[in-house]
Amino acid sequence: MSLAIPDTDFHVPDGETPVQCPHCGRPFRTERLRALHVGDAHDGWTDDEREAYESAMEAEREDLFVYHLKVVASLVAVYAFFFFTYLAVSMAQA
Ligand SMILES: [Zn+2]
């Protein structure tokens, strides 16, 4: 599968050296993003590309897990804040 997307549709910030997809030439900010793109958008991977894709997917799963932990911790903190605020206000009125 080939994706014909003009380079003008992508922007890599100044000062960064983009890495390009070997199949369609699309620029990416990191090797990890390129590996995910190659795995999702192209067929006929090499062994190195498959290994890079699996490594990038594992890193994405770990990042997503950490993100979920942060969301749960934030929700617990908000819940605790409101619970103790309610407790303090109700104790002050008693
Ligand atoms: Zn590509």
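The model is predicted. The secondary structure of the protein chain consists of two helices and two strands, and along the sequence these elements follow the pattern β-β-α-α. The radius of gyration is 23 Å, well over the 12 Å that the globule rule gives for 94 residues, so the protein chain is more spread out than a compact globule. Buried residues account for 6% of the 94 residues. Among contacts between residues at least 6 apart in sequence, 14% join residues at least 24 apart.

| Item | Value |
|---|---|
| Span of the C-alpha trace of the protein chain along its principal axes | about 70 × 30 × 25 Å |
| Helix H2, first C-alpha to last | 69 Å |
| Helix H2, expected at 1.5 Å a residue | 69 Å |

Helix H2 covers residues 47-93 and has 47 residues. Its reach from first C-alpha to last is close to the expected value. Of these 47 residues, two are buried, so H2 lies largely in the open.

Tyr 53 belongs to helix H2. Is this residue buried or exposed? A residue is buried if 20 or more other C-beta atoms lie within 10 Å of its own. Tyr 53 has 20 C-beta neighbours inside 10 Å and therefore counts as buried. Leaving aside neighbours within four places in sequence, Tyr 53 is in contact with Ala 35, Leu 36, Val 38, Gly 39 and Trp 45. The C-alpha atoms of Tyr 53 and His 37 are separated by 8.4 Å, and the two residues are 16 residues apart along the chain.

Note on methods: Residues are numbered from 1 along each chain as its sequence is written. This is a predicted model: local features need pLDDT of at least 70, side-chain atom pairs count only at pLDDT 80 or more; totals for chains, interfaces and linings use all residues. Helices (H or I, at least four residues) and strands (E, at least two) are DSSP runs, numbered from the N terminus. The expected span of a helix is 1.5 Å times one less than its number of residues. A residue is buried if 20 or more other C-beta atoms lie within 10 Å of its own, exposed if 12 or fewer, and partly exposed in between; C-beta atoms are placed from the backbone. Two residues are in contact if their C-beta atoms, placed from the backbone, lie within 7 Å. The radius of gyration is taken over C-alpha atoms; the globule rule is 2.2 Å times the number of residues to the power 0.38.
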